[in-house]
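Colleague: I am new to this one. Please show me the structure, and then let me ask how you know things.

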Amino acid sequence: MLGIETFYVKENQYPGDICDFDKYIITGSLASAYTNSGWILGLKQFCREAAVCGAKLIGICFGHQLLAEAFGGKVEPAKAGWGVGKRVSKLTGDNYLAKYFPKGEFVLEYSHHDQVVSPPPDSKILSSSSFCPIESLSIGNFGLTFQGHPEFDDIYAGMLFKFFYSQYSPKERSLRENNALLLPDNAGVARAILDF
């Protein structure tokens with residue numbers, strides 16, 4: 001049985017002992033991973049210490065970017081603008097994800113305006129697209145990250161799109177509309193995360 005606990009790191013909530021958990025998931029956020037906010041710096045340090053403890057670290061969207069920054073990579077505002085809607089992410093050769101996606105690609109829902117532009121040392125780019133060259137990473141033997149959102153369903157993604165609609169350009173809106181019929185591979189990504 002899985003035991004799950006939530007920590008609100010923006011409010012400085014952390015486990016009493018970092019080594020008490022086998023795996024940590026760093027989720028999405030409206031924040032940017034490259035800022036010097038105290039809670040972001042604290043979370044980066046926590047992730048480095050958790051890796052020393054032998055914990056696995058999973059990054060989703062902001063979490064993908066934060067883990068890249070925490071271990072020596074670089075994140076910037078995306079020159080392409082907002083990445084919103086579903087898109088195909090192609091595997092970069094034979095890697096950990098190939099077992100879960102034998103066709104060499106997967107689809108996720110995206111909602112981001114920052115991107116990892118330089119991966120950390122001792123990392124491997126697992127998948128890529130023309131919009132976002134670094135869409136998933138493995139970091140050492142402890143990190144697995146995804147720019148996309150395996151936790152989003154169509155209803156939630158639609159609500160989020162409407163909420164931020166005024167921030168998107170016509171081109172960004174049409175990208176989402178053009179890919180609306182793609183079927184997301186949430187279950188496959190979830191299995192890869194669970195097994196990691």
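Modeller: What follows takes up cysteines, a helix pair and some strands.
Modeller: This is a predicted model, where local features need pLDDT of at least 70, side-chain atom pairs count only at pLDDT 80 or more, and totals for chains, interfaces and linings use all residues. Residues are numbered from 1 along each chain as its sequence is written, and side-chain values use heavy atoms, leaving out hydrogens and water.

Colleague: What makes C19 and C53 a disulfide?
Modeller: A disulfide is a pair of cysteine sulfur atoms within 2.5 Å. The sulfur atoms of C19 and C53 are 1.8 Å apart, so they form a disulfide. The search of the whole structure finds 1 disulfide.

Colleague: Which parts does the pair tie together?
Modeller: C19 lies in the segment before β1 (23-26), and C53 is in helix α1 (residues 38-53), so parts 34 residues apart in sequence are tied together. Helices (H or I, at least four residues) and strands (E, at least two) are DSSP runs, numbered from the N terminus.

Colleague: Why is C47 called buried, and C19 partly exposed?
Modeller: Buried means under 20% relative accessible area, exposed over 50%, and partly exposed in between (1.4 Å probe, protein chains only). C47 has 0% relative accessibility, so C47 counts as buried. C19 has a relative accessible area of 43%, so C19 is partly exposed. C53, at 34%, is partly exposed too.

Colleague: Why is α1 called roughly perpendicular to α2?
Modeller: α1 and helix α2 (residues 62-70) pack at about 70 degrees, with their axes 9 Å apart. Axes are lines fitted to C-alpha atoms, for helices over the stretch in contact, and angles run from 0 to 180 degrees between N-to-C directions. Angles under 35 degrees count as roughly parallel, over 145 as roughly antiparallel, 65 to 115 as roughly perpendicular and the rest as oblique. So α1 is roughly perpendicular to α2.

Colleague: How do you know that β8 pairs with β7?
Modeller: Two strands pair if DSSP finds at least two bridges between them. Strand β7 (residues 123-128) and β8 have 4 bridges, so they pair, in the antiparallel sense. K124 stands opposite S138 in β8.

Colleague: What makes both faces of β8 covered?
Modeller: In strand β8 (residues 136-139), S136 and S138 on one side and L137 and I139 on the other are all buried.
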